[in-house]
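Thanks for making time this morning.

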Amino acid sequence: MVTTEVILPSVALRPYVHHYWIMKTNDMSLSHIIMPVGNPKLIFHRKRPFDINGVANVKLKASIIGPYDKAIRINTSEDLEMITVFLMPYAAKMITGIPCYEFSNDNVDLEDLESVEFKELKARILEAETTESCIGMIEDFIIRQLTKTQDSPYLNPLMKVFNLMANNPEVRINELASAACLSERQFRRVFIDNVGMKPKQIQRIQRFHLATNEIIKSMPTNIDRVLYKYGYTDHSHFNREFHDIANISPTEYIAFLDSIRKQDIMSALRSYHAQE
């Protein structure tokens, strides 16, 4: 059995936290392909962590993850109880005080951060009685961190930038820089420092996420409508992108999704990837 829950943050934290995602499993094995979604995340495993790309690290029970540009494979044969904090794409540095490129494509143990506060949060989350109390602890922690690091002058400019990107994944860099009231050179530096990747990398992830999320939701037998809707020029273009990011073809991914649906855990996968 698997259960998932999506919880929205308090109003004060909505510029920084997209949502909280809770998953619990009992008496079942899981094997998933997790597509990149473009958000940095805080993850807490209150039971044994899952294996990532075939590598087991049972000590990695609390970590910060930067944006990924490749799909990852996770699997476990043990019960899970995990809390994932989906941060806004630009928010990791504002919360940690550390440039986000240091987490890009990486899963960093909170024990490895030079921060007593993060280590204390990890201990409290792992010892808490309920996931509900964990969410309260996480919210209090983020508010304290934001008070300490102080509001970034780039919060509002980057919010405008990501609103533009959400409405038009193909928007040009000079338009994004103009929306942020920065020169292109300044914009690229600020973006990488706060987001962890170049603007073009994030745009690529966002477009791929939109396309794969639609596939997850609708399970189409013909993907033509999906690929053209999100600006892929043809099947070759989409197939190359898919292979580069997921290391499988779109057809193979749809077959994987069909196997997941037969296990009755499709809702868990959909709730993880949905960023609406």
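Let me begin with K70 and D244, whose side chains meet in a salt bridge at 3.1 Å from N to O, a salt bridge being a side-chain nitrogen of Lys or Arg within 4 Å of a carboxyl oxygen of Asp or Glu. This pair links distant parts of the chain, with K70 in the loop between β6 (62-65) and β7 (72-76) and D244 in helix α9, 174 residues apart. Please keep in mind that this is a predicted model, in which local features need pLDDT of at least 70 and side-chain atom pairs count only at pLDDT 80 or more, while totals for chains, interfaces and linings use all residues. Residues are numbered from 1 along each chain as its sequence is written, and side-chain values use heavy atoms, with hydrogens and water left out. Helices (H or I, at least four residues) and strands (E, at least two) are DSSP runs, numbered from the N terminus.

As for accessibility, buried means under 20% relative accessible area, exposed over 50%, and partly exposed in between, with a 1.4 Å probe and protein chains only. K70, at 33%, is partly exposed, and D244, at 38%, is partly exposed as well.

A further salt bridge joins the side chains of E241 and R204, again 3.1 Å from N to O; here E241 in helix α9 is linked to R204 in helix α7 (residues 199-218), 37 residues apart. E241 counts as buried at 10% relative accessibility, whereas R204 is partly exposed at 27%. Through shared partners, salt bridges join K70, R204, E241 and D244 into one network.

Turning to E117 and K148, they form a salt bridge in which the closest N and O atoms are 3.3 Å apart. E117 lies in helix α2 and K148 in helix α3, so this pair ties together parts that are 31 residues apart in sequence.

What does α3 pack against? Its buried residues, among them I135, I138 and I142, pack against β1 (2-7), β2 (17-25), β4 (41-45), β8 (80-87), α1 (92-96) and α2 (116-127).

Finally, the backbone: most residues other than glycine have a negative phi. N105, in the loop between α1 and β9 (107-109), has a positive phi of about 55 degrees although it is not a glycine. N247, likewise not a glycine, has a positive phi of about 65 degrees and sits in the loop between α9 (235-246) and α10 (250-262); N247 is exposed, at 64%.

Note on methods:
Contact means heavy atoms within 4.5 Å.
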